[in-house]
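Keep the structure open and follow along.

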Amino acid sequence: MSRYLISSWEPEVPAFWHSRGKPTASRNLWISIPALMLAFAIWMVWSVVVVNLPAIGFKYSTNQLFWLAAVPGLSGATLRIFYSFMVPIFGGRKWTAISTASLLIPALGIGFAVQDPNTSYPTMLVLSLLCGFGGGNFASSMANISFFYPKAQKGYALGMNAGLGNLGVSAAQFVVPLVITFALFGGEPQTWTKVVKGAAATKQMWLQNAGFVWVPFIVVSTLAAWFGMNDLASAKASFAEQAVIFKRKHNWLMCWLYVGTFGSFIGYSAAFPLLTSTLFPQVNPLQYAFVGPLVSALARVAGGFIADKLGGARVTVWTFVCMILAVLGVLHFLHAGSFAGFFGMFLVLFACTGVGNASTFRMIPVIFLTLHQRAARGQSEGAQAQAVASANKEAAAVLGFTSAIAAYGAFFIPKSYGTSIALTGSADAALWCFIGFYVTCIAVTWWFYARKGAEITC
């Protein structure tokens, strides 16, 4: 038996948790977080790279650029569907190491491809698809960490893993604009040219650093996962055992809600730089783009604590209310031509998505534990213990699967903006569609989980 495999894991037993469980869970969590940060950085790196491509000689249309920003969301979301089920099959340690190592492929590929303006558009499209490896990692990472913690601390653990992991988006949008300004890894620079206020501005740029800068960190994180994490025997399950979630109504309801929270976060993150440069051409979006994802990531950490205290459903309802108000604010300032107001409302929107990400993920373990405990009520202690184990496996699969469906927001939101601008000349139609969707999320959360007499109060 591998020394990394833990055969018995009982986090709900206080004596076990305080003696052995908590230190082991904490170690796995703190190795998982930087691995997830790197995954998000690779997933969202195109949001920064794509803004610079026209200025260094790539002859792509605006619609093609929006496609490059959107495609990582499409592939990342699709990969999440498969990644959702990998931890119980392969083990959390093995899969974290393998999935983190896979990030080297797009990181190196981008570094080489952007050095030649004659690189074909299909090649760039394939590289943007491969960045989806980073998007897929979230599903397996969250499923893995959920097994390590007791019910009372799942909000904290999932909030920390996801919230600090989400900082990878902000890191990409902050670090890349810095490292592309000098010869960090040597190589020839590109000439960046853009017309600003009627005059041509020119500078040197090393856009290849956008990919290369992550390589050493990915290698270190892969080794840390392989030698520092654990696999849990109690988390083992076949795909067939996990596939029962597709028959669970609450799996699909939570998919809908998580599209509204995480789907909004990752979609707005992917689209904000290009949307800003399109609607406010006088503004350099890379000076501001990292702030929104940073606010959201930190809000998600706080949201985990808030949801543990107040209940996930109540927090989720009010989060969607605030998101509607924030989008209305975006529309107002967009028509007023105020970038400051536009940016401020987006920061409110990002903060709301962070809190909502945490509160919806806090709901999932509670929902499935309640369902299984109800079914086992009045039965033997063994049956009740099995109910808890089954609930944990289903909740882990649902955490991963809902994150997969929600990740399509990274594709649909940029494409919604692109389509809205192409058809109507403005982003208004897309924003009004988002508001309509948030209204349905309020209705679902209130009816099934928040109202008095709800099917499952959580």
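A salt bridge here means a side-chain nitrogen of Lys or Arg within 4 Å of a carboxyl oxygen of Asp or Glu. Glu394 and Arg248 meet that test, with N to O at 2.9 Å. The two residues sit in distant parts of the chain, 146 residues apart. Glu394 belongs to helix 17, which covers residues 381–406. Arg248 lies in the loop between helix 12 (239–242) and helix 13 (249–279). This is a predicted model.

How covered are the two partners? Glu394 has 8% relative accessibility, so Glu394 counts as buried. Arg248 has 29%, so Arg248 counts as partly exposed.

Now step to Lys249. Its side chain meets that of Glu455 in a salt bridge, 2.8 Å from N to O. Lys249 is in helix 13, and Glu455 is in the segment after helix 19 (428–450), so this pair ties together parts 206 residues apart in sequence. Both ends count as partly exposed: Glu455 at 36% relative accessibility, Lys249 at 40%.

Salt bridges that share partners also build a network, and Arg93, Lys94 and Asp231 are joined in one. Look at one contact inside that group. Asp231 forms a salt bridge with Arg93, and the closest N and O atoms are 3.6 Å apart. Asp231 lies in strand 4 (residues 231–232) and Arg93 in helix 5 (residues 92–101), so the bridge ties together parts 138 residues apart in sequence.

Are Asp231 and Arg93 buried or exposed? The cut-off for buried is under 20% relative accessible area. Asp231 has 2% relative accessibility, so Asp231 counts as buried. Arg93 has 4%, so Arg93 counts as buried too.

How many salt bridges does a search of the whole structure find? The search finds five. The pairs described above are among them.

Finish on the surface. Which residues form a nonpolar patch there? Val219, Leu223, Trp226 and Phe227 do, and together they have about 390 Å² of accessible area. Take Phe227 as the example. Phe227 lies in helix 11, residues 215–228. Why does Phe227 count as exposed? The cut-off for exposed is over 50% relative accessible area. Phe227 has 53% relative accessibility, so Phe227 counts as exposed.

Notes
Residues numbered from 1 in each chain as written. Predicted model: local features only at pLDDT ≥ 70, side-chain atom pairs only at ≥ 80, totals over all residues. Heavy atoms only, no water. Patch = residues over 30% accessible without salt bridge, like charges linked within 9 Å, V, L, I, M, F, W, Y side chains within 5 Å. Areas by Shrake-Rupley, 256 points an atom, 1.4 Å probe, with all protein chains shown as cover. Helix = DSSP H or I, 4+ residues; strand = E, 2+ residues; numbered from the N terminus. Buried < 20%, exposed > 50% of the residue type's maximum accessible area, 1.4 Å probe, protein only.
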